Amino acid sequence: MELYKYVLHKLDAHEAWTADEIHACCHELYDIYTAPAYYELFDDVIPCLERLRDLGLRLGVISNFAPTLKAILKSKGVYHFFDPVIVSTEVGLEKPDPAIFRLALKMANVEAKDVLYIGDHETNDIWAPNQEGIEAVKILRYDYHTGQGIRSLMELFDELEVRK
């Protein structure tokens, strides 16, 4: 809720609205942020997930998100691709704490050397899994994403070919 209060403050809402109105608006913004209707998959997601599944690879999710993440994944038709789905608000751990990656390894019953993690945040998605020995690749979905990485999930298959 602090993020929403900050945004509303920057918009000078605190000068025109009561504390109760700001509080109500924060809850409404949170409900919008966590609702499935406002999310869309990138075009490469389904083809990539299907191809990875066809290769016999196991997929999971580790996310700093609200408990509605599983409903969002189900509504987009991709939940069935993932096991486990670890949501920070459900497990009491949050990236960049490497403990959430240890939990994922334990839940999936896999070793770090057998995992490739993909994410868009330098600390949460690259540094943190590396602390547990998990290789990580940064995905650069938006112009503000900087550094080295991939722009499309389909580039993962180029990397797989190089490793063969």
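Predicted model: local features only at pLDDT ≥ 70, side-chain atom pairs only at ≥ 80, totals over all residues.
Residues are numbered from 1 along each chain as its sequence is written, and side-chain values use heavy atoms, with hydrogens and water left out.

**Stop 1: the overall fold**

Switch to cartoon. The protein has nine helices and four strands. Helices (H or I, at least four residues) and strands (E, at least two) are DSSP runs, numbered from the N terminus. Read from that end, the elements run α-α-α-α-β-α-β-α-α-β-α-β-α. The C-alpha trace spans about 60 × 30 × 30 Å along its principal axes.

Colour by accessibility. Of the 164 residues, 35% count as buried. Buried means under 20% relative accessible area, exposed over 50%, and partly exposed in between (1.4 Å probe, protein chains only).

Next, contacts, meaning heavy atoms within 4.5 Å. Among those between residues at least 6 apart in sequence, 45% join residues at least 24 apart.

Now colour the charges. Lys and Arg count as positive and Asp and Glu as negative, while His and the chain ends are not counted. Each charge is placed at NZ of Lys, CZ of Arg, CG of Asp or CD of Glu. The mean positions of the 17 positive and 28 negative charges are 6 Å apart.

**Stop 2: the aromatic pairs**

Select Phe, Tyr and Trp. A search of the whole structure finds five aromatic pairs. Rings (for Trp, the six-membered one) pair if their centres lie within 6.5 Å; planes under 30 degrees apart count as stacked, over 60 as edge-to-face and the rest as tilted.

Zoom to Tyr 33 and Phe 65. Their pair is tilted, at 5.2 Å centre to centre with 45° between the planes. Tyr 33 lies in helix H3 (residues 19-33) and Phe 65 in the loop between strand S1 (59-63) and helix H5 (69-75), so the pair ties together parts that are 32 residues apart in sequence. Tyr 33 is partly exposed, with 42% relative accessible area. Phe 65 is buried, at 11%.

Then select Tyr 142 and Tyr 144. This pair is stacked: 5.5 Å centre to centre, 5° between the planes. Tyr 142 is partly exposed at 37% relative accessible area, and Tyr 144 is exposed at 60%.

Ring pairs link Tyr 33, Tyr 39 and Phe 65 into a cluster.

**Stop 3: His 145**

Select His 145, in the loop between strand S4 (135-138) and helix H9 (155-163). His 145 is buried, with a relative accessible area of 9%. Draw the distance from its side chain to the backbone nitrogen of Arg 141: 3.1 Å. A polar contact is a pair of N or O atoms within 3.5 Å; within protein, one must be able to donate a hydrogen and the other to accept it, and residues adjacent in sequence count only if both atoms are side-chain atoms. Leaving out residues up to four places away in sequence, His 145 touches Asp 120, Ile 139, Leu 140 and Arg 151.

**Stop 4**

Show helix H7 (99-108). Its buried residues are Ala 99, Ile 100, Phe 101, Ala 104, Leu 105 and Ala 108. These pack against S1, S2, H6, S3 and H8.

Step on to Asn 109, in the loop between H7 and strand S3 (116-119). Asn 109 has a positive phi of about 55° although it is not a glycine. Asn 109 is exposed, at 71% relative accessible area.

**Stop 4: two cis bonds**

Most residues other than glycine have a negative phi, and most peptide bonds are trans. Select Asp 83 and Pro 84: a cis peptide bond joins them, with omega about 10°. Pro 84 is in strand S2 (residues 82-87). Another cis bond joins Lys 95 and Pro 96, with omega about 15°. Pro 96 lies in the loop between helix H6 (88-91) and H7.

**Last stop: Gly 133**

Select Gly 133, in the loop between helix H8 (122-131) and S4. Gly 133 is partly exposed, at 48% relative accessibility. Not counting residues up to four places away in sequence, Gly 133 touches Ala 112 and Lys 113.
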